[in-house]
Every structure is written in structure tokens, then in C-alpha cells.
Amino acid sequence: MSTIAEAIRRLWQPRRGLFWLMLALQLLSSAIVLFIQIAQPPDALRLVLGLMALTDALLAWWLTVRLWREGEPRPPTDSPSIAPLH
């Protein structure tokens, strides 16, 4: 069973564009929902914005699953990563 630290390590991949796209989509869907709650737009606009927020959230979820699966932890190696100086 994986620990929380391992799960975060598998998702935290700042060198990959998918990671930043996932974060941007999550922030965008949160901002849309916040706008809907604060501004209380007309029903038609609320429906369109709600569908946009839902689509963003689903895309972010899909990217999160991709990062999770592609970020499988590597098995530990017996050799040190840096050779000792003699």
C-alpha cells in the first residue's frame, strides 16, 4: 500500500507540461464555480459556465490519473546514485 508521500511524489512532476495543465484546469474550474457563486449570473449563463467548470474538472481528473499511472515509483536500487570520492 502506498503512503501519502509516495502518492504526492507520483503526482508532483513540475518538469512535465501535463502537470501544469492539470493545475491550470483545476484552478480554472474553481474560479468558474467561485464566479457563479458570487455573481449569480442568469440561468442560461450559469448552465454554460457550470458545464465549462465540469468539463475542466473532468479533464483535470483525467490528467491526474495519467500522471499517477506514468509516475510509477521506481524500485529501489542497491547502488548509490553518486559514486564516493576516493
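The model is predicted. Start with the overall plan. The chain has 3 helices and 0 strands. Read from the N terminus, its elements run α-α-α. Now consider which parts of the sequence meet. Take the contacts with a separation of 6 or more: 69% of them join residues 24 or more positions apart.

Next, look inside. Of the chain's 86 residues, 22% count as buried. The largest nonpolar core has 7 residues. Its members are Leu-18, Phe-19, Met-22, Leu-25, Ala-60, Leu-63 and Leu-67. Two helices, α2 (17-39) and α3 (43-70), each supply at least two residues of this core. The largest share comes from α2, with 4 residues.

Pick out one core member, Leu-18. What does Leu-18 touch, leaving aside residues up to four places away in sequence? Its partners are Leu-63, Arg-66, Leu-67 and Glu-70. Among these partners, Leu-63 and Leu-67 also belong to the core.

The chain exposes about 7,100 Å². Carbon and sulfur atoms supply 69% of that area. One nonpolar surface patch covers about 410 Å². Four leucines make it: Leu-47, Leu-51, Leu-54 and Leu-58.

Finish with Leu-51, which lies in helix α3. Is Leu-51 buried, partly exposed or exposed? Its relative accessibility is 49%, so Leu-51 counts as partly exposed. The exposed class needs over 50%.

How values were computed: Residues are numbered from 1 along each chain as its sequence is written. This is a predicted model: local features need pLDDT of at least 70, side-chain atom pairs count only at pLDDT 80 or more; totals for chains, interfaces and linings use all residues. Side-chain values use heavy atoms; hydrogens and water are left out. A nonpolar core is a set of buried Ala, Val, Leu, Ile, Met, Phe, Trp, Tyr and Cys residues joined through side-chain atoms within 4.5 Å. Buried means under 20% relative accessible area, exposed over 50%, partly exposed in between (1.4 Å probe, protein chains only). Contact means heavy atoms within 4.5 Å. Accessible areas come from the Shrake-Rupley method with a 1.4 Å probe; for residues, only the protein chains shown count as cover. Patches are made of residues with over 30% relative accessible area and no salt bridge: like charges are joined within 9 Å, nonpolar side chains (Val, Leu, Ile, Met, Phe, Trp, Tyr) within 5 Å. A salt bridge is a side-chain nitrogen of Lys or Arg within 4 Å of a carboxyl oxygen of Asp or Glu.
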